[in-house]
Amino acid sequence: MKGPVLGMWQRGLGPELLRGGVLTSAMWRSRIGSSRAMAAGTKRKFKKLMCCNRGEIAIRVFRAATELGMRTVGVYAQEDRHSLHRYKCDESYQLADSITPVGAYLDIDNIIEIAKDKNVDAIHPGYGFLSENAGFAKACEENGIAFVGPQAKVLRLFGDKTEARKLAIDANVNVVPGSPGPIANLEEAREFVEGKNGIGFPVIVKAAHGGGGRGMRVVFDPVEFSESVSRAQSEAEKAFGDGTVFIERFVHRPRHIEVQVLADGTGDVVHLYERDCSVQRRHQKVVEIAPASGLPDKVRETLWSDSVRLIKNSAYKNAGTVEFLIDQNGRHYFIEVNPRVQVEHTVTEEVTGVDVVQSQIRIAQGETLKEIGLEQDKVQLRGYAIQCRVTTENPANNFLPDYGRIDAFRPGEGMGIRLDSAAGFAGAVVTPHYDSLLIKVTAHALEFTKAAEKLRRALLEFRVRGVHTNIPFLKTVLNHPVFLKQQMATDFIDAHPELFVFPPQRDRANKILRFLAENVVNGHPMPGPDKTKEPSQLLPVMPIYDPNQNAPNGWKQVIDKEGPDGFAKAVRKFPYTLLGDTTWRDAHQSLLATRMRTVDMASIAPATSRAFSGLYAIECWGGATFDVCMRFLREDPWQRLHHLRNLVPNVPFQMLLRGANAVGYTSYPDNLVYEFCKHARQGGVDVFRVFDSLNYVDNLLIGMDAVHKADGVVQGEICYTGDVKSTPRKDKYGLDYYLNIADQLVNKGNTHVLGIKDMAGLLKPESARELIGALRKEFPNTPIHVHTHDTGGVGVASMLACAEAGADIVHGAIDSMSGTTSQPPLGSIMESLRQRENWPSKPVKTGKHAIHLPESEKLFELHDYWDTMRGHYAPFEQGARSTSVDVFEHEMPGGQYTNLMFQSQSLGLSKQWKEVKKAYADANRILGNIVKVTPSSKVVGDLAQFMVTNKLSGDDIVERADSLDLPRSVVEFLQGQLGFPYGGFPEPLR
């Protein structure tokens, strides 16, 4: 057997060929019954899912599976060991070495071996690589692993475009006139095109077993016919291992429309409407749109019905795309079925709200479309979505792929923008081994032109340095009148050379930075714990504002005119969630060991007062800033307060008051606390966040009463620890615990605002909903404020959950000073709230006052300033470089993290930081699982360092307590000098 006959025999169609030479529709229909019977088999719940792919599609699959409660497994080639996708899964394993980097992802035996060894239940192939390989699907089946995709038989069918064409004809779906089967040789090809009954030119030669534009040639002239066929065959052989081609009439200037379908294998099929993929370059899609506009309703409905009918006739199961060409007269022709998820599935998800990837996984588990909740009449369109693929190709040099390290990467974001990243981050190395996709950017809006505007705006915000990108080209496409009128055909790019006219990227900032880096000389380093880190010498770009124009009035004026009680009522009645900014206090305490100087805050203060006039408050004083000012910065904290107050007359100032400890680390006489609050209020503090390190209510009430006497806004805070929805180990801090303290703060302390102080970032979204929801129900008239840290990476989600549950104010930090041990980014919280709550652009009236809600554009300028200034403090930045879930184990407060690290270095424990964190958790255990915030957190930290220094475990401390010289702070805690912990002191340490 030779040629196509051998190929079809290898694909399992040989017996039918022996009986009749072709696979008849009757034969295929006979298979459908048995296939549907199999599809109706038992259901299977996946616990662990692998994606045997890379880049953004692997990340997309991992996220979908995680949301379904599955553990995720990734694989990577040696050349991909630093790729982003391997860090986005729960487990990742290196593939065996291959002849080529791509070959590693095509090694079926190795992938199956890893999957079996790691107890993987299912494998999602993504797109490309093995996604359409029937042999791989069969291998999964034979090894008891579910393949998240169509059945092997269906992959064979649609992998052979000639057979798919026959099935379409049998289903009464229009096809482009073409060869009835594979073309065996050049002579046969000439006869079919130029013979007596030939279809004539132009024609398109296509690979029979592939896609993506490979093995495809358009031929207009007989002179170039022979060479084009030979090249198509050669390209198909290299790309797909099979050089078989077929020929169709070339439809001149068509639109390329595809219909997304989902089928559960029982005969139930739904379509998710269509996508317009007409913007192409060399048969590769560049921009995708959903839905397609400008189509007659009759044509659109015919595309849907043809797609559903064709898929039903094939006993299809899972997601797929039915692709059509529509000519200038509105006639449509079926071209192929892509039996996999497509790169552009995102636009369909945006306009329908259907998670295509999750649907794939659930169908593979045996769920039907109805069980998933997908019924045709329930799938509705909302607006338009447009996707661009940002790649490292140089459009000024014929889209030559570029490689190298990405020096800077700042994506465009905002309302209506979705980002699916492949390698988009600073420090990523783009290699020549794989495709050049950096990130997919999808915009969604109710109108097509608005979606295009959003997408172009997002691309304008992108800053990618170190490699060339196609962003300049994409911006010209999105701004072209033909595109905006949706009149483009597949020749749109070729027909409009003006798309390639754009200004060159100057990359001025990066060039300056490189110049300075190469010409820098050794000088006197800034005194700091890490002398190997040089402070940045780059001067920040200052926001532009009119100094002669006063800053808009804000909540400060509400306090001054209405008093604390009136302020609290106005906040509670305000229809939108308010934001507080910690950049001037807790953010730099958490990231930079509290070393921020007054001058750097004062420089940006006037611009902040204008950009953020609608903030609930700026936290700028108290806590660790007080003693650090004096001990390390040689500054007067009172002068700092007065100076900043003069520069920001319209935004309330907030401070952190440690109850009876004021701003110290031990209890002070009551009269000192009262006098301190009086002077702080006179100096410019408006809102006092009063807390106690052990939630000891008696100490809290002293601080709250002192603020009342000073006529300040009392914000009674409850320190959050453990998890209200978590394990028995922490059930001492259940919901009743917090409600009881809140009741005392509201009814005994007469707090104006009730605060939750999540100093370690332990408050997870679901716990936030439960806690804040219960507080809101119990205290409907009291404003609720929530403060957290982003150490575990859940900060933004938790703050949004709090707002959803009824919180009035949430804390964040300017984005460039946010994340990890600091607070979550204000920008992300702001834009999420703006979208959900539909923030107005005009000032919001509250009584006699008008409040300007924060705007993203103004945030950008502040972000850039702090982004630069943070580099000036590089020697002090020793905190977590990324979020880490181990915070839920050691529970270390974000503000303590960097300070404890510095202390550990001074004790010679810098190389034992991991052990210090473990000891911190152990110390907390033997101390009775206490609330941890300054100064109680210092007790735990001191004991942890003592344990590591002396190589002691927690059990050793308990057994030898009588003989050990424990740190002074630990002894004072056990003597009750900080108050009394909930549940009492632990035995036998007491």
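**A walk through the sheets, salt bridges and domains**

Strands S9 and S10 pair in the antiparallel sense, over 6 bridges. This is a predicted model. The two strands form a hairpin, with 4 residues between them. Gly265 sits in the turn and has a positive phi of about 85°. Ala263 has Val269 as its bridge partner in S10.

S9 spans residues 255–264. Because 10 of its 10 residues are buried, S9 is largely enclosed by the rest of the structure. Both faces of the strand are covered. One side carries Arg255, Ile257, Val259, Val261 and Ala263, and every one of these is buried.

Leu262 stands opposite Ala319 in S12.

Now widen the view to the whole sheet. S9 belongs to an open sheet of 8 strands with antiparallel pairing. The order is S13-S12-S9-S10-S11-S14-S21-S19. Strand S13 (332–338) and strand S19 (417–421) are the edges, and each pairs on one side only. From one strand to the next, the twist averages 25°. Further along the order, strand S14 (residues 384–391) pairs with strand S21 (residues 437–445). Their pairing is antiparallel and runs over 8 bridges. Thr391 of this pair stands opposite Leu437 in S21. Helix H16 (residues 471–478) packs on the sheet. The helix touches strand S10 (269–281), S11 and S14. The direction of H16 makes about 155° with that of S14.

Glu323 forms a salt bridge with Lys285, with the closest N and O atoms 3.5 Å apart. This pair links distant parts of the chain, 38 residues apart. Glu323 lies in strand S12 (residues 317–326), while Lys285 lies in strand S11 (residues 284–290). Both Glu323 and Lys285 are buried. The two residues also belong to a network of salt bridges. Glu258, Arg275, Glu288, Glu344 and Arg389 are linked in that network as well. In total, the structure holds 61 salt bridges.

A second open sheet has 5 strands and parallel pairing. Its order is S3-S2-S1-S4-S5. The edge strands are S3 and strand S5 (146–147), each pairing on one side only. Strand S4 (residues 122–124) pairs with S5 in the parallel sense over 2 bridges. The bridge partner of Ile123 in S5 is Phe147.

The side chains of Arg71 and Glu91 meet at 2.7 Å, N to O. Arg71 is in strand S2 (residues 71–76) and Glu91 in strand S3 (residues 91–94), 20 residues apart. How exposed is each partner? Arg71 is partly exposed, with a relative accessible area of 39%. Glu91 is buried, with a relative accessible area of 12%.

Next, look at the helices. Arg769 and Glu804 meet in a salt bridge through their side chains, at 3.5 Å from N to O. Arg769 lies in helix H28 (residues 765–778) and Glu804 in helix H29 (residues 795–805), so the pair ties together parts that are 35 residues apart in sequence. Arg769 is partly exposed, at a relative accessible area of 31%.

Glu804 has another arginine in contact. Arg836 touches Leu800, Ala803 and Glu804, leaving aside residues up to four places away in sequence. Arg836 lies in helix H30 (residues 826–837). With 43% relative accessibility, Arg836 counts as partly exposed. The C-alpha atoms of Arg836 and Leu800 are separated by 9.5 Å, and the two residues are 36 apart along the chain. A polar atom of the Arg836 side chain lies 3.3 Å from the backbone oxygen of Leu800. The side chain of Arg836 also makes a polar contact of 3.4 Å with that of Glu837.

Finally, step back to the domains. The chain is divided into domain 1 (48–148), domain 2 (149–176 + 255–382), domain 3 (185–249), domain 4 (383–505), domain 5 (558–872) and domain 6 (889–975). The C-alpha centres of domain 1 and domain 5 are 45 Å apart.

Methods:
Residues numbered from 1 in each chain as written. Predicted model: local features only at pLDDT ≥ 70, side-chain atom pairs only at ≥ 80, totals over all residues. Heavy atoms only, no water. Salt bridge = Lys/Arg side-chain N within 4 Å of Asp/Glu carboxyl O. Buried < 20%, exposed > 50% of the residue type's maximum accessible area, 1.4 Å probe, protein only. Domains from an automatic or database assignment. Contact = heavy atoms within 4.5 Å. Polar contact = N/O pair within 3.5 Å; in protein donor to acceptor, adjacent residues only side chain to side chain. Pairing = 2+ DSSP bridges. Axes fitted to C-alpha atoms, helices over the stretch in contact; angles between N-to-C directions.
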